[in-house]
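Me: Please take a close look at one stretch of this chain and describe what surrounds it. Keep to what can be computed from the model.

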Amino acid sequence: SDDTGYGDLGVYGGGKGRGMETPNLDKLAQEGMQFWSFYGQPSCTPGRAAMLTGRIPNRSGMTTVAFQGQGGGLPKEEWTIASLLKTKDYNTYFCGKWHLGEDESAMPIAHGYDIMENVILYHL
């Protein structure tokens, strides 16, 4: 989710103590893997770029918030988790907030997603 910080989720000491219990995410963490050392990003565009590419945003050029009308976006040469999964014949789907540019070459379909539905390009 956007702007979920360290200590917000119950598994990391937040949850009820921060005003919102997170039982499903806590259960997921208990049954799977927990990450205690990681880098966060200052805003949504760099954070999304980092999560989808697995690289720091400086490498893709997605270091600041993308705004409507700026054009550009995630470079078409950039690998994403979806484009990597496509090499192993996975079906991929994207819905929700993209916020990684508005050019056709920056859209989810151009980055390995077979289907994109209900996509919001920006937060405005």
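Reply: Glutamate 21 sits in the segment before H1 (helices, H or I of at least four residues, and strands, E of at least two, are DSSP runs numbered from the N terminus). The model is predicted, so local features need pLDDT of at least 70 and side-chain atom pairs 80 or more, while totals for chains, interfaces and linings use all residues. Residues are numbered from 1 along each chain as its sequence is written, and side-chain values use heavy atoms, without hydrogens or water.

Glutamate 21 has a relative accessible area of 52%, so it counts as exposed (over 50%; buried is under 20% and partly exposed in between, with a 1.4 Å probe and protein chains only). Beyond its neighbours within four places in sequence, glutamate 21 is in contact with Gly15 and Lys16 (heavy atoms within 4.5 Å). Glycine 10 is eleven residues away from glutamate 21 along the chain, yet their C-alpha atoms are 6.5 Å apart.

Further along, the loop between H1 (23–31) and H2 (44–53) holds tryptophan 36. H2 itself is mostly covered, with eight of its ten residues buried. These are Cys44, Thr45, Pro46, Gly47, Ala49, Ala50, Leu52 and Thr53. Helix H3 (81–86) and strand E1 (93–97) are among the elements that cover them. After H2 comes glycine 54, with a positive phi near 75°.
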